[in-house]
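Here are a few notes to read with the model open beside you. Take them one at a time and find each residue as you go.

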Amino acid sequence: MRIALVVNEASGGGTDPAPLERAMREQGAEVETFGCRTEDLERIPDTGPDRIVVAGGDGTVGAVAELAGRLGVPLGVVPAGTANDFVRANGLPLDPVKAAALAASGQELRSLELGHLGDGRPFVNVASAGLASVAAHRAAPLKPRLGPLAYGVGALRAAATASPLECTVRVDDRTVFSGGAWQVILAVTGAFGGGSGVGAADPEDGMLDVAVIPAGSRIGLARRAWGLKRHTIAEQGGVEHHRGDVIAVDVPPGTEFNADGEVRDAGLERVTVERDAYSLVSGA
């Protein structure tokens, strides 16, 4: 088996590809390693891989998942980010070497959907505006010291200082919300923020989920935070939850949002989902 290993060496404080290459070669694979820049990914099709494996954060996983789907080869994922929400959501090994071995040898595949922002950027977990983007800014300088706990600290600081986001949300051209919101979450797997999630989201149903947490008291945010940690936010009273093929979120110009852990400022005007976009190596 020929494997193209894509490594984001900046993820999670630094990723050494050598142990991953060794683990896959022990499974009988031929391994060629690439970086994660666009020009690196563009070289992969010419190598004719049988499988692509990505070691990086969730933002890197999305771009490589899109490539694997386009080439029609399975995708293996090795945890190498700070929170590794995608790995956790799909029950993959959290030990990088074990994950690399599974990525090379596993035969069980899951066909998953892929979200696309309006500018074409893919995402595998969530795109979220409101408190999430503020929390991401607060968490960024804390990641080297606190790891996944940085997301929780960032969220607390955001809840104490941020203001609600004025927005309008449309699902398949139908307006489902207009007003102030603490958070708008567009979900594929629904996982984000080091353990939070929208449990109602199903990455195999070919539908994009959206959960809108309406503005309210800061005291009430504790209950919303608990719902996110318990993955039951979509079932809470007052929370808008909808599914559709195309979701549009109108926000003030320049509004930043978080997509798979990366801060963006454009693309919410038309968010779509691609059914059966790629196959994930999910088990032995």
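1. Let's start with Arg243. This residue is partly exposed, with a relative accessibility of 41%; buried means under 20% relative accessible area, exposed over 50%, and partly exposed in between (1.4 Å probe, protein chains only). Before you go on, a word on the source: this is a predicted model, where local features need pLDDT of at least 70, side-chain atom pairs count only at pLDDT 80 or more, and totals for chains, interfaces and linings use all residues. Residues are numbered from 1 along each chain as its sequence is written, and side-chain values use heavy atoms, with hydrogens and water left out.

2. What does Arg243 form a salt bridge with? The partner is Asp205, and the closest N and O atoms are 3.9 Å apart. A salt bridge here is a side-chain nitrogen of Lys or Arg within 4 Å of a carboxyl oxygen of Asp or Glu. By that rule, the count comes to ten salt bridges.

3. Now see where those two partners sit. Asp205 is in the loop between β11 (196-197) and β12 (208-214), while Arg243 is in strand β13 (residues 240-244). They are 38 residues apart, so the pair links distant parts of the chain. Helices (H or I, at least four residues) and strands (E, at least two) are DSSP runs, numbered from the N terminus.

4. Next, have a look at Glu262 and Arg264. Their side chains meet in a salt bridge, at 2.6 Å from N to O. Glu262 is partly exposed, its relative accessible area being 32%.

5. Asp119 and Arg121 are another pair to find: their side chains form a salt bridge, 3.4 Å from N to O.

6. On to the backbone. Asn84 isn't a glycine, yet its phi is positive, at about 55°. You'll find Asn84 in the loop between β4 (75-79) and α4 (85-89). With 13% relative accessibility, Asn84 counts as buried.

7. Which value does phi take at Asp260? It is near 50°, which is positive in a residue other than glycine. Asp260 lies in the loop between β15 (257-259) and β16 (262-264), and at 8% relative accessibility Asp260 counts as buried.
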